[in-house]
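Here's a quick tour for anyone meeting this structure for the first time. Have a look at it, then read on.

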Amino acid sequence: MATIHIEPAGNSKYHVSIDDRGKTSRFTVTATPEDVARFAPEGTSPERLIHASFEFLLRKEPASSILSSFALPVIERYFPDYATTIRSML
């Protein structure tokens with residue numbers, strides 16, 4: 001099972017690394033306060049939303065297929081069920 005690490009990078013950006021079976025994949029994700037309010041229940045931290053978002057993505061595709069840099073709303077373009085599914089995951 002993959003381990004997801006998230007570090008704030010400032011300006012609503014976060015560095016994410018996924019460690020899976022000795023391989024590490026790195027990503028830069030933008031999660032604005034508006035994104036968090038749109039996709040997560042009130043009181044959810046950006047880090048928690050990002051973590052759940054990567055869990056969601058990893059159910060759909062391998063880490064190597066995930067864009068290396070993206071804003072959270074981009075997920076919905078590829079996976080229309082993201083907005084409803086992510087709320088239930090949180």
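How many nonpolar, polar and charged residues does the lining of the second largest pocket have? By class, there are 3 nonpolar, 3 polar and 3 charged residues.

## Before we start

This is a predicted model, where local features need pLDDT of at least 70 and side-chain atom pairs count only at pLDDT 80 or more, while totals for chains, interfaces and linings use all residues. Residues are numbered from 1 along each chain as its sequence is written, and side-chain values use heavy atoms, with hydrogens and water left out.

## The second largest pocket

Back to that pocket. A pocket here is an open set of points on a 1 Å grid over the protein atoms alone, where a 1.4 Å probe fits, with protein on both sides within 12 Å along at least five of seven lines; lining residues have an atom within 4 Å of a point. For the classes, Ala, Val, Leu, Ile, Met, Phe, Trp, Tyr, Cys and Pro count as nonpolar, Asp, Glu, Lys and Arg as charged, and the others, Gly among them, as polar.

The second largest pocket has a volume of about 180 Å³, counted as the space filled by probe spheres set on the points, which are joined across faces, edges and corners. Strand S3 (residues 23-30) gives the largest share of its lining, 3 residues. Strands (E, at least two residues) and helices (H or I, at least four) are DSSP runs, numbered from the N terminus. Among the lining residues are Asp-20, Arg-21, Pro-62 and Ala-63.

## The largest pocket

The largest pocket holds about 210 Å³ of space. Its lining includes Met-1, Ala-2, His-51 and Glu-55, and splits into 4 nonpolar, 1 polar and 4 charged residues. Helix H2 gives the most to this lining, with 4 residues.

## Helix H2

H2 covers residues 46-60, and its 15 residues should span 21 Å at 1.5 Å a residue; the expected span is 1.5 Å times one less than the number of residues. The end C-alpha atoms are 21 Å apart, so the two agree. Buried residues of H2 (under 20% relative accessible area, with a 1.4 Å probe and protein chains only) include Leu-49, Ile-50, Phe-54 and Phe-56.

## A loop with two positive phi values

Most residues other than glycine have a negative phi. Asn-11, not a glycine, has a positive phi of about 60°. Asn-11 sits in the loop between strand S1 (3-10) and strand S2 (13-20), and counts as exposed (over 50%) because its relative accessibility is 76%.

Ser-12 is found in the loop between S1 and S2, and its phi is positive too, near 65°. At 25% relative accessibility, Ser-12 counts as partly exposed, the class between buried and exposed.
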